[in-house]
Amino acid sequence: MHTLIRVLFAALGMLMVLSPVFGQPPNIVLIISDDQAWTDYGFMGHESIRTPNLDRLASQSLVFPRGYVPASLCRPSLASIITGMYPHEHGITSNDPPLRDDRAEFLRLRERMVDRIDDLPTLPKLLAANGYVSFQSGKWWEGHPSRGGFAQGMTHGDPARGGRHGDEGLKIGREGLGPVFDFIERAGDRPFFIWYAPFLPHTPHNPPEALLDPHRGKTDSIHVARYWAMCEWFDQTCGELLDHLDERGLSDDTIVLYVTDNGWIQNVEKGGYAPRSKLSPYDGGLRTPIMVRWPGRVTPGTEDTPVSSIDLAPTILHAAGLAPDARMRGVNLLDIQVVRSRDAIYGATFTHNAVDVDDPSSNVEYRWIITGRWKLIEPGANAADGPGGLFDLRSDPFEREDLRAGRPVLAASLRERLAGWWQP
């Protein structure tokens, strides 16, 4: 009798996970910020940046404030989001091939990098099996969006016409959201997946004056003021997208997920990024809030367990009633017990231009592991941001004090676990 009860409860649990298959699957909107620090939102405590729309989304979502991307560089990070695989597994570890004087050879190597997407398990390809129609807008590095499985998209991806990391798609947000809204109309009754990855708050930092002016007196750096205003411009576009779902009566039937591709700390003296942010192994380049909103299905709240952007793909597929591909390494973020039972998350940072497009090990700069409050950064052959370190993120969230000398046993244990995850 007890065995029968256990079987019935197991079956009921599976039905609850897969229930969208028996009705209309939820629409899916994935919002991806571009070059934004984990601190730079109202709901994350920033004192000057105003993000009322993302604050509202956070209040309606299950929020993971300790989210991470496995690489602090946009191309490998985005490839991990759409495949649920680590960069050394999907093979896209750098933004560009090795620098070459020979333009033809450079483009040949670039195409070899793009070719990988053809054989990878991407969200659009897998969602199509359940009737989804998908749309790409914003940042996209992997050639024409159809190669990633998108049914429609804004990017052409042709290097001869300036295609590199989004081309026409990079107009989304900065020039309105018309293409996304038009796609929603064309989708009709079919469930849709939207990749909304605007070139915001990414440089060029050229915000509308109405957003910039209130910040001029809050900082001595015009570069910081412009970046703050760019974060607010991005927030405005998110509000337009969320409002459109409301106006169309789609919000209750749509799961909205949020993540940033990599972090950014504004250089106060010029228009670029400061150390320990983008391209670095520190939280300034890796950490991001991750949010999941699904009205009636996900209870809003906060979960402090560290999670990874590789978790987004399996979370989306479970919500759509589909099994994740066996190559996906993440967990379903809506299964909190599984999230809490995972004892560590991992990642690596890589060179901006690959040393060897076919060998991830040749491009690695650092590997890192986070377990609970502890983070170990282990330098590799291409390390450019110092010797790494062991940090207590609870007491030292900005990683100022290296504790390796005082905790050699813990450091050795974490180093061994890193080797078990991936040894270049």
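Modeller: Before we start, helices are DSSP runs of H or I with at least four residues, and strands are E runs of at least two, both numbered from the N terminus. This is a predicted model, so local features need pLDDT of at least 70 and side-chain atom pairs count only at pLDDT 80 or more, while totals for chains, interfaces and linings use all residues. Residues are numbered from 1 along each chain as its sequence is written, and side-chain values use heavy atoms, with hydrogens and water left out.

Colleague: Happy with that! How many helices and strands are there in the protein?

Modeller: The protein has 14 helices and 13 strands. Its radius of gyration (over C-alpha atoms) is 21 Å, close to the 22 Å from the globule rule for 424 residues, so the protein is as compact as a globular protein of that length. That rule is 2.2 Å times the number of residues to the power 0.38. Taken along the principal axes, the C-alpha atoms fill a box of roughly 55 × 55 × 50 Å.

Colleague: Now helix packing. At what angle do H2 and H9 pack, and how far apart are their axes?

Modeller: Two packed helices are described by the angle between their axes and the distance between the axes. Axes are lines fitted to C-alpha atoms over the stretch in contact, with angles from 0 to 180 degrees between N-to-C directions. Helix H2 (residues 52-59) packs on H9 at about 55°, with the axes 7 Å apart. H2 and H9 are therefore oblique: under 35 degrees counts as roughly parallel, over 145 as roughly antiparallel, 65 to 115 as roughly perpendicular, and the rest as oblique. Pro52, Leu54 and Leu57 are among the H2 residues in this contact, and Phe234, Cys238 and Leu242 are among those of H9.

Colleague: And what is the angle between H7 and H9?

Modeller: Helix H7 (residues 178-187) and helix H9 (residues 222-247) pack at about 25°, with axes 11 Å apart. These two are therefore roughly parallel to each other. In H7, Val180, Phe181 and Ile184 meet Glu240, Leu241, His244 and Leu245 of H9.

Colleague: Backbone next. Which peptide bond is cis, with omega near 0°?

Modeller: The bond from Leu200 to Pro201. Another cis peptide bond joins Thr203 and Pro204, with omega about 5°. Pro201 is in the loop between strand S5 (192-197) and helix H8 (209-212), and Pro204 is also between S5 and H8.

Colleague: Which residue has a positive phi although it is not a glycine?

Modeller: Asp167, with a phi of about 35°. Asp167 sits in the loop between strand S4 (152-153) and H7.

Colleague: Last one: where is Glu401, and what is it in contact with?

Modeller: Glu401 lies in the loop between strand S13 (389-392) and helix H14 (408-421). Leaving aside neighbours within four places in sequence, Glu401 contacts Leu390, Phe391 and Asp396. From Glu401 to Phe391 it is ten residues in sequence and 6.5 Å in space, C-alpha to C-alpha.

How values were computed. Contact means heavy atoms within 4.5 Å.
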